[in-house]
Amino acid sequence: MNAPDYLSYTMEEFLADDKFISWVMQPDAELDNFWNEFLKQNPSKQNDIATAKTFIQNYHKQDTFFNEDKQDEVWRRIENSVNNTADKKSNVISLAPWLRWAAAVIMVCSCGLAFWYYSQKEIIRTAFGEIKTIELPDHSVVVLNGNSSLAYERSWGNNTREVWLDGEAFFKVKHLNKDSLHIKRNEKFIVHAKSVSVEVLGTTFNVQNRHNKINVALVTGKIKVSSGTVNSGIIMKPGDYVEYAANRINQKTQLEHPEKIVSWSKRQFSFNDAKLGDIITMLEDTYGYHITLADPKLREMKIEGGINVTGVKALLETVSTSLRVNIYQNNSNIIIN
């Protein structure tokens with residue numbers, strides 16, 4: 001009788017081999033020498049033999065493999081177990097090496113894109129003459145004037161609540177702090193306008209950042225305005241108005257009607273003792289008009305008292321009547337003489 005060719009055996013054939021089963025169930029020195037030498041010379045069979053040994057040892061507790069009456073039954077159970085295991089393995093998707101690399105690259109790229117996305121700022125812009133109301137993630141509200149932009153980080157609220165303003169905006173900041181003696185980092189709301197920072201907890205105020213000048217007017221609550229040159233900052237109370245220019249914050253002044261500073265948010269024009277130059281600057285900055293003066297000295301003409309009108313047409317009529325100047329308008333071009 002020829003010796004079995006164990007090198008060609010499958011795991012199932014080892015399970016049906018009496019010599020192999022004897023080694024697993026009743027090992028002795030001779031069997032150990034044989035199978036250990038076989039494994040040493042044929043390491044490729046280690047997995048099949050180890051798996052077959054595990055099956056036999058598991059079923060040993062229930063059946064005796066040398067019981068001829070039950071051998072077929074035990075074999076069927078082993079075979080079923082082998083098939084079930086194979087089925088389970090077949091449910092696991094085995095990716096080719098290049099697919100694994102592709103999946104790894106996609107995962108790395110996805111993480112990179114997510115990091116890049118959340119490290120970028122969300123930016124809202126308005127066109128000339130456009131007024132836009134923005135609700136921030138913390139439900140604070142910002143009314144953005146024409147020709148302005150507001151930016152905030154997409155990872156809003158992880159640290160402080162911070163926005164960056166270019167142009168003009170009116171802020172209604174939601175108050176989150178409940179203990180003024182213990183202010184958490186994410187309860188602060190900070191507006192950055194060039195080198196000026198306006199720090200609040202919850203209040204309403206207006207900030208204008210144009211032509212290297214930053215004007216801050218407080219309507220309600222309390223805020224702190226600071227810059228690189230004023231480290232300690234200035235505490236403002238309702239009605240206070242400050243202007244930052246030439247790297248310094250000018251002395252505070254008090255507005256008689258601070259609510260009028262945000263009349264623009266209702267498309268109303270409110271001026272008090274305004275020079276024609278102030279009105280021209282507003283029309284050019286916010287509405288995009290190109291205004292030509294017959295004489296540059298006209299900019300210094302002042303309209304005594306207050307102006308409270310709605311709409312550009314009404315404003316130009318008021319200027320023409322009050323200063324006795326002629327105004328010609330052709331779309332966005334205006335000539336005053």
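This passage looks at three loop residues, Ser263, Asn147 and Arg267.

The structure is a predicted model, in which local features need pLDDT of at least 70 and side-chain atom pairs count only at pLDDT 80 or more, while totals for chains, interfaces and linings use all residues. Residues are numbered from 1 along each chain as its sequence is written, and side-chain values use heavy atoms, with hydrogens and water left out.

We may begin with Ser263, which sits in the loop joining strand S14 (253-254) to strand S15 (268-275); strands here are DSSP runs of E with at least two residues, numbered from the N terminus. Ser263 has a relative accessible area of 11% and is therefore buried (buried means under 20% relative accessible area, exposed over 50% and partly exposed in between, with a 1.4 Å probe and protein chains only). Its side chain reaches the backbone oxygen of Lys260 at 3.0 Å. Once neighbours within four places in sequence are set aside, Ser263 is in contact (heavy atoms within 4.5 Å) with Gln268, Phe269 and Ser270.

The loop between S14 and S15 also holds Arg267, a residue other than glycine whose phi is positive, near 60°. Arg267 counts as partly exposed because its relative accessibility is 38%.

A positive phi is found as well at Asn147, again a residue other than glycine, with a value near 55°. Asn147 belongs to the loop between strand S3 (141-144) and strand S4 (149-153), and its relative accessibility of 31% makes it partly exposed. As background, most residues other than glycine have a negative phi.

Key:
Helices (H or I, at least four residues) and strands (E, at least two) are DSSP runs, numbered from the N terminus. A polar contact is a pair of N or O atoms within 3.5 Å; within protein, one must be able to donate a hydrogen and the other to accept it, and residues adjacent in sequence count only if both atoms are side-chain atoms.
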